[in-house]
Amino acid sequence: MHKLTSVRFLASFSLVLILTLMPLFTQDTYLLGVFVLIFFNIILTATFRQIWNIGYLNIANISFLGFGAYTSGLLAIKLGLNFWACLLFAGIVTGLLALLIGYVTLRVKGFYFVMMTVALVESIRMTIMASPREWMGGATGLTNIPVPDSIVIPGLVTIGFDSRANFYYLVLGAMVIFLVALYSIESSRFGMTLRAIKQADVLAEHVGINTMRYKIVGFVFALTIVGLTGSLYAHYYSFIAPAELGFMGTSWSIIYGVIGGWGSIAGPIIGASLITALSELLRPFKQYLPIPLGVVLIFMLLFMPEGIIGLPTRISRLARRALKSR
Amino acid sequence: MPLPLIVQTALNGFTLGMLYVLVASGITLMFGIMHIVNFAHGAILMLGAFSFLILYQFLGVNFFLSLLICPVVIGALGIILGRICFQPFRGELDRSFITSLGLILIFQASMLVCFGNFAFALRGPVQGVVRLFGIAISWERILVIVVGLVAMTGLFLFIKLNKWGQAMVASAQDDVGGMLQGIDLNKVAAACMFIGCGLAGVAGALVGTIFSIEPFMGEAYVVKCFMIVALGGLGSLPGAVVGGLILGFLEAFATVLTGAAIGPLIAFVIVIFFLLFRPRGLLGHA
């Protein structure tokens, strides 16, 4: 088991190293842009998985991206606040909203929770659409969100975010921090408790776990990350519109997760990178792509519920069975 | 509000509610009998609308004949979908939900590829407006109300009087008990998918006559109809009827009172708050 952990560590470390060094070899803004999109998708899928691990299919995940993006964008545009302050406020506001929403909705389970979050996602989208244009941009959305302010360390360096490469580093760094945080939470005692709650919440309650508190903390933690990501998202694309915040937004995270596999945090990473990269590579056929993707999704659910990351165990099991029968 | 306006709005709400009832009753049937969450029901409605468009507008089939063929086609599609995609996930709400996301992708993209991202409009067989005591209602809306009433009455009679309808009720109450009495669950599921999808097909065709047809039209309906199903009580058919009419009236009146942008939102928020305090819905069991 120890060996496996070090292999995992080495693999993820080298992956991060490659991603870090990449802008040195290519300055292609399109390529870097695709990677940034992949990073955003990975974060969204991994946070979705964190809440799914407590047993809740949170369709409103994308709304929290919207909360973060709109908080940050509005503060930057209307008040001219520094980006880093906007980022902080985006995290705080999203966290508080997650606390409020989680407090109400986490009481209901299963289908009712799904329904609540579907209603939430749509009503938030409709609220933003119906909002007066001068306040929140209405249906057209917020435009001209400024790029982040540069980091200035007097006398040493100035890091500006006008260039795509520096923004790439910002999102990469954020993603690594978020994923490490999610991973360490999951493997901690807290994460174990959350898993226990998913498997048998009545039992967990009976052994003295305050399940509601654990659920809310897990919920708020994951969605604060989504909010922070929303702030980065808004400043990266300099644009956020309610059309992006419908329930199909979260559905994409679910699709990435199912194809990658929910078993470990590697699943969302693999699923999101694979599908995002694929849809960029097959850009000329973009409108056809959802058809095979939907077929693959249903196929995976039927025959490979562990997703891509379940493949090695599946193959080795098949091989063992084949050897045994010989 | 003056009286004619109230009656007018109520009629509009009734039309809208009738469409919601047709879609929501399919969702609630599938939930009650197959224990699945078919979130692709809006996309199925959209397929119904497009098949009606092909039959009536492109092939020139008689309007009422197309209105009969359309639900049969969509119902047959529903049986196939039920067999391949939903039967394996009986009783698994999350996985059937994710399956239906896949179906939404497939249906929307294939219609987008075939017809492009345009909004099509249908011309009903009888144009014009009926005016009575200062109230105006178009023939298309009258058609929606009549067809909706006929379809729902037919469904209730089928369930009350027919052997298969009673088998559906029985297996919704207790599927193992039903099997012990010799009910073939697969056949009941097929019947349920046929009826549910057929009703969505009718609704799609009717939507086409009063609103427009485009590949993403289903999304708004499916979200609203799931609200209705939750409002009326999961798996309860009378609940779906009551809930659908309530949402239709709420939406119509809220739109008249506050404007087209905020109206649907207000109706939505009222439903959410209702669910917070009574999660099992109006006519649902605990």
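Reader: Where does B:His35 lie in chain B?
Author: B:His35 sits in the loop between α1 (3–34) and α2 of chain B. Helices here are DSSP runs of H or I with at least four residues, strands are runs of E with at least two, and both are numbered from the N terminus.

Reader: Before we go on, what kind of model is this, and how is everything numbered?
Author: This is a predicted model: local features need pLDDT of at least 70, side-chain atom pairs count only at pLDDT 80 or more, and totals for chains, interfaces and linings use all residues. Residues are numbered from 1 along each chain as its sequence is written, chains are lettered from A and ligands numbered from 1 in the order in which they are written, and side-chain values use heavy atoms, with hydrogens and water left out.

Reader: Back to B:His35. What is its phi?
Author: Phi of B:His35 is near 55 degrees, a positive value in a residue other than glycine.

Reader: Why point that out?
Author: Because most residues other than glycine have a negative phi.

Reader: How accessible is B:His35?
Author: B:His35 has 27% relative accessibility, so it counts as partly exposed. The cut-offs: buried is under 20% relative accessible area, exposed is over 50%, and partly exposed is in between, with a 1.4 Å probe and protein chains only.

Reader: Which residue in chain A has a positive phi?
Author: A:Ser238 has one, with phi near 55 degrees, and A:Ser238 is not a glycine. A:Ser238 lies in the loop between α10 (211–237) and β4 (239–240) of chain A. At 26% relative accessibility, A:Ser238 is partly exposed.

Reader: Now B:His41. Buried or exposed?
Author: Buried, at 0% relative accessibility. B:His41 lies in helix α2 (residues 41–58) of chain B.

Reader: What is B:His41 in contact with?
Author: Leaving aside neighbours within four places in sequence, B:His41 is in contact with B:Val23, B:Gly26, B:Ile27, B:Met30, B:Gly196, B:Cys197, B:Ala200 and B:Val222. Contact means heavy atoms within 4.5 Å.

Reader: And how far is B:His41 from B:Val256?
Author: Their C-alpha atoms are separated by 28 Å, and the two residues are 215 apart along the chain.

Reader: Zoom out. How many helices and strands are in chain B?
Author: Chain B has eleven helices and two strands. Along the sequence the pattern is α-α-α-α-β-β-α-α-α-α-α-α-α.

Reader: How much of chain B is buried?
Author: Buried residues make up 56% of the 286. Among contacts in chain B between residues at least 6 apart in sequence, 77% join residues at least 24 apart.

Reader: What about chain A? How many helices and strands?
Author: Chain A has 14 helices and four strands. Of its 326 residues, 49% count as buried. The C-alpha trace of chain A spans about 70 × 50 × 45 Å along its principal axes.

Reader: What is the story with helix α5 of chain A?
Author: Helix α5 (residues 110–130) of chain A has 21 residues, which should span 30 Å at 1.5 Å a residue, and its end C-alpha atoms are 30 Å apart, so the two agree. The expected span is 1.5 Å times one less than the number of residues. In α5(A), 15 of the 21 residues are buried, so this helix is largely enclosed by the rest of the structure.

Reader: Where is A:Phe161?
Author: A:Phe161 is in the loop between β3 (157–159) and α7 (164–187) of chain A. A:Phe161 is buried, with a relative accessible area of 5%. Beyond neighbours within four places in sequence, its contacts include A:Trp84, A:Pro148 and A:Leu170.

Reader: Last one. A:Gln199, buried or exposed?
Author: Exposed, with a relative accessible area of 67%. A:Gln199 is in helix α8 (residues 189–199) of chain A.
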